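Me: Could you walk me through this model, please? I'd like to start with the sheets and then move on to side-chain contacts.

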Amino acid sequence: MLRTRRSRLIASSLTAVTLGLTVAGYQAGAAVTSPSDGAVKSVASTAHTAQAANAAKAGGTCLTDATTLVGDLDGDGNMDLIGNPGHNGTKMTIQWGAKDGSFGKKHTVKDLVGAGKGEVATAAVADFQNDGTLDMVVSIVEPSGGDDPNTSSLSEFRPGPLDRTDLTSPDAVHSDVGDKGEVQQLSIAKYNDDEFPDLAVRNNNGDGMTNRDVRLSQPDGTLGEYDGKANGQYGDSGTWGEPPAMPKDGWKQFYKPCA
């Protein structure tokens with residue numbers, strides 16, 4: 001959240017109320033009963049995210065909570081804020097970071113990658129290459145709504161840094177995550193004992209069936225393609241009514257809370 005002049009004025013006018021919240025930052029969720037409770041929480045949230053950015057800059061990519069990652073996505077050395085409500089990649093947002101530790105306005109990945117009306121953009125973000133800059137896997141697909149699944153119109157592994165305007169990467173390569181079914185969810189996972197994040201993919205496979213496929217990161221920093229042996233070990237299948245579970249703790253497997 002951008003620290004504006006208005007937020008500083010709000011902060012000064014609410015000094016007495018916010019004294020108990022002080023710059024512990026991570027107590028942003030502390031209960032405060034006041035007619036201006038919403039404003040107090042806004043001020044505390046600003047302090048929280050700024051502190052998180054400073055912590056990440058000092059110690060690397062980290063988590064402010066289970067669905068919010070702080071790390072460098074565009075390679076400018078400033079920490080960015082990536083939100084992933086529901087852990088499934090369908091509502092991912094990005095707030096670009098500034099040198100002072102503040103964050104800009106919230107952008108949806110769907111808007112940044114240019115998904116059209118009726119299309120769904122699904123993304124997963126992690127440091128797949130383990131080089132300190134975050135990378136992205138992104139799929140764009142128009143859901144079929146039935147038993148004949150559509151493949152992705154765009155399906156890419158995009159090594160960071162990514163362009164702020166459209167999340168493109170000069171090193172982007174096609175990924176087969178969108179070729180094996182209709183992508184519904186993407187989640188970061190840890191499926192083996194190496195230090196590289198892996199990927200879980202939930203697909204609509206038609207005929208009322210859904211699959212959880214996996215893509216394992218490779219030692220050279222690339223994302224592997226479909227592998228029958230790996231899917232036999234880590235994948236799963238289900239129905240539309242009872243789809244296979246997707247990992248919810250992938251980020252936690254690789255990144256610590258921002259201290």
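Reply: Four strands make up an open sheet, ordered β10-β11-β12-β13, and their pairing is antiparallel. At its edges stand β10 and β13 (236–239), each with a single partner strand, so one side of each has no neighbour in the sheet. From one strand to the next the twist averages 20°, where axes are lines fitted to C-alpha atoms (for helices over the stretch in contact) and angles run from 0 to 180 degrees between N-to-C directions.

Me: What should I know about where this comes from, and how are strands and pairing defined?

Reply: This is a predicted model, so local features need pLDDT of at least 70 and side-chain atom pairs count only at pLDDT 80 or more, while totals for chains, interfaces and linings use all residues. Residues are numbered from 1 along each chain as its sequence is written, and side-chain values use heavy atoms, with hydrogens and water left out. Strands (E, at least two residues) and helices (H or I, at least four) are DSSP runs numbered from the N terminus, and two strands pair if DSSP finds at least two bridges between them.

Me: How many bridges join β10 to β11?

Reply: Seven bridges join β10 to strand β11 (residues 198–206), and the two run antiparallel; within this pairing, V183 stands opposite N203 in β11. Strand β12 (residues 209–215) pairs with β13 over four bridges, also in the antiparallel sense, and M209 has T239 in β13 as its bridge partner.

Me: And how many residues of β10 are buried?

Reply: Seven of the eight residues of β10 (residues 182–189) are buried, so this strand is largely enclosed by the rest of the structure. Buried means under 20% relative accessible area, exposed over 50%, and partly exposed in between (1.4 Å probe, protein chains only).

Me: What is the strand order in the open sheet that includes β6?

Reply: That open sheet of four strands has the order β6-β7-β8-β9 with antiparallel pairing, and its edge strands, β6 (120–126) and β9 (173–174), each pair on one side only. Two bridges join strand β8 (residues 154–158) to β9, and in β9 the bridge partner of E156 is H174.

Me: Switching to aromatics, how many pairs are there?

Reply: The whole structure has three aromatic pairs; Phe, Tyr and Trp rings (for Trp the six-membered ring) pair if their centres lie within 6.5 Å, with planes under 30 degrees apart counted as stacked, over 60 as edge-to-face and the rest as tilted. One of them is F128 with F157, whose ring centres are 5.7 Å apart and whose planes are at 85°, so the pair is edge-to-face. F128 lies in the loop between β6 and β7 (135–141) and F157 in strand β8, so the pair ties together parts that are 29 residues apart in sequence.

Me: Is F128 buried or exposed?

Reply: F128 is buried, with a relative accessible area of 0%, and F157 is buried at 4%.

Me: Last topic, how many salt bridges does the structure hold?

Reply: There are four, a salt bridge being a side-chain nitrogen of Lys or Arg within 4 Å of a carboxyl oxygen of Asp or Glu. Among them, R164 forms one with D74, the closest N and O atoms being 2.5 Å apart. R164 is partly exposed, with a relative accessible area of 35%, whereas D74 is buried at 13%. Another joins D176 to R215, with the closest N and O atoms 2.7 Å apart, and D176 and R215 are both buried.
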